[in-house]
Each structure stands twice: as structure tokens, then as C-alpha cells.
Amino acid sequence: MRVRRLVLFDIDGTLLLTAGAGRRAIVAAIGEEMGPSERFARVRFDGKTDPEIVTELLEAAGRPGPHQAGHVQTLCRRYVDLLARELEQSAAGITVMPGIHPLLQRLETEDEVVLGLLTGNMAEGATLKLRAAGLDPACFRVGAFGSDSARRPELPPIAARRAEPYFGRVPSGSEVVIIGDTPADIACGVCISARAVAVATGAYSVADLAACGPHAVFQDLSDTDRVLEAILR
């Protein structure tokens, strides 16, 4: 049967929460180089890529840019090393968001759906978080990550190109559905006219997200039938 939907999930705040493990690990990675700083607490992480977060933390610690890409990548790799330890220590607090398990199960039974990830996480960090939450990374057949680009709007075209073997062409428009919990998730797919489905399980309310003009917005993803309707119809 012809594939007609590439469904791309954000991770943090959409699929799961890590009880602060990600923030602690990336702050620790910067702190090893720059020392501790109260200014780190002022940097918001939601909707951003890991390289973008690293850059903002460096600037908050008093090191203005421009920052060499190689240096940023080195700090991102150190962050991933520290993330593994933090996730192990925070295992009891890691949470899969409401409705995720039944939604993924239903989507996996749809012959016309390819599941994927679209996240600011480094690819290895994404895998660590999914496994820590008991989600199988293998069910997400394509993806685009912060390790592919520091700019979130560049990720949807990357994911779409990686889905070409499943479609026989590069999908676009409503064939691509991006599910996320931030305005950045809604906005990033505009370049390929992707459909955005927003969920208020992160730091933004239903009203905040609705104001950004998504195709649909939900308090959470627990009403599987309604969410599937928004994704597939």
C-alpha cells in the first residue's frame, strides 16, 4: 500500500520527560570548561537544538560568539557522555507522556505511515532518552537531529529526504506531520508545508500553541482516535 504520511515526533516534552537529566548533563558539560554560573538557569532549552543550547550557555557564561562548530560539537559529545549517567541516576523519574504508548502502537499498524523523529537532540542522545523511557528507537525509521543541523528549520527537509526510500520521492506538504510541544515545532515545517500537530505537555499552553496556527492542538495525546484523525485525515 502506498505510504502517505511521514509522522515525525519531537522527544522532550512530547514523547517523554527525563526528570531534568538533559539539562543537568548539558550544564555540567559547559561547567567543566567554563565553571559554574547562575546565568545557566536563565537559558531556556525547549524548542532548541543541542548545539544551539550549548552556544547560548557559553554566551551566558561570558564567552560571546562566534563559536567554532568543532568546539560546539566537542561539548555536545561530552554532554552525551554525561547524559548516559544522568539518565541512569534519574531512571525512576523518567516519564512517557500520556497517550504515547497507544498512539505509537496504532501508528505502527498503519501501512501508510512511516514513523520518525524530528528533534533538537543529538542522535545518540535521542537514542539514550528513548531507551531510558522504555521506547524502542527502532520503531522510528527516519529522523533528523541536532547533530544534523544546529538550526531547527533545516531539520524537516533532512527528515523528508531520508524518507524518500519509503515514498519513492521526497514527501512534502500534508504528507509530513510534525508533532511537538513548542512554537518552534509548529514553525519549523513551514519550509516544506508540513502539517503541525501541537501538544501542550511541555512548557506551552493550548492557547499559546493554538496562536501559532497548527493544524491541530491537544492538551495531551491520550485521545488516540482524535489524534489519529488529525494526523491521517
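Guide: Helices here are DSSP runs of H or I with at least four residues, strands are E runs of at least two, and both are numbered from the N terminus. Keep in mind that this is a predicted model.

Visitor: Fine. Which helix gives the largest share of the lining of the largest pocket?

Guide: That's H1, with four residues in the lining. Helix H1 (21-34) and helix H2 (50-60) are the elements that give two or more residues to it.

Visitor: And what makes a residue part of that lining?

Guide: A lining residue has an atom within 4 Å of a pocket point. The largest pocket holds about 520 Å³ of space, and 28 residues line it, with Asp12, Gly13, Phe45, Asp46 and Lys129 the closest to its centre.

Visitor: How do the lining residues divide into nonpolar, polar and charged?

Guide: Eight are nonpolar, 10 polar and 10 charged.

Visitor: What is the strand order in the open sheet?

Guide: E5-E4-E1-E6-E7-E8, six strands with parallel pairing.

Visitor: Why do E5 and E8 stand at the edges?

Guide: Strand E5 (142-144) and strand E8 (216-218) each have a single partner strand, so one side of each is left without a neighbour in the sheet. On average, neighbouring strands of this sheet are turned by 20° against each other, direction ignored.

Visitor: What does helix H6 lie across?

Guide: H6 (residues 155-162) lies across E1, E4, E5 and strand E6 (176-180), and its angle to E5 is about 160°.

Visitor: Which peptide bond is cis?

Guide: The one from glycine 65 to proline 66, with omega near 5°. Proline 66 sits in the loop between H2 and helix H3 (69-89).

Visitor: And what phi does alanine 19 have?

Guide: A positive one of about 55°, although this residue is not a glycine. Alanine 19 is found in the loop between strand E2 (16-17) and H1.

Notes. Residues numbered from 1 in each chain as written. Predicted model: local features only at pLDDT ≥ 70, side-chain atom pairs only at ≥ 80, totals over all residues. Heavy atoms only, no water. Pairing = 2+ DSSP bridges. Axes fitted to C-alpha atoms, helices over the stretch in contact; angles between N-to-C directions. Contact = heavy atoms within 4.5 Å. 1 Å grid on protein atoms, 1.4 Å probe; cavity = no way out; pocket = protein on both sides within 12 Å on 5 of 7 lines; lining within 4 Å. Points joined across faces, edges and corners; volume = space filled by probe spheres on them. Nonpolar A, V, L, I, M, F, W, Y, C, P; charged D, E, K, R; others polar.
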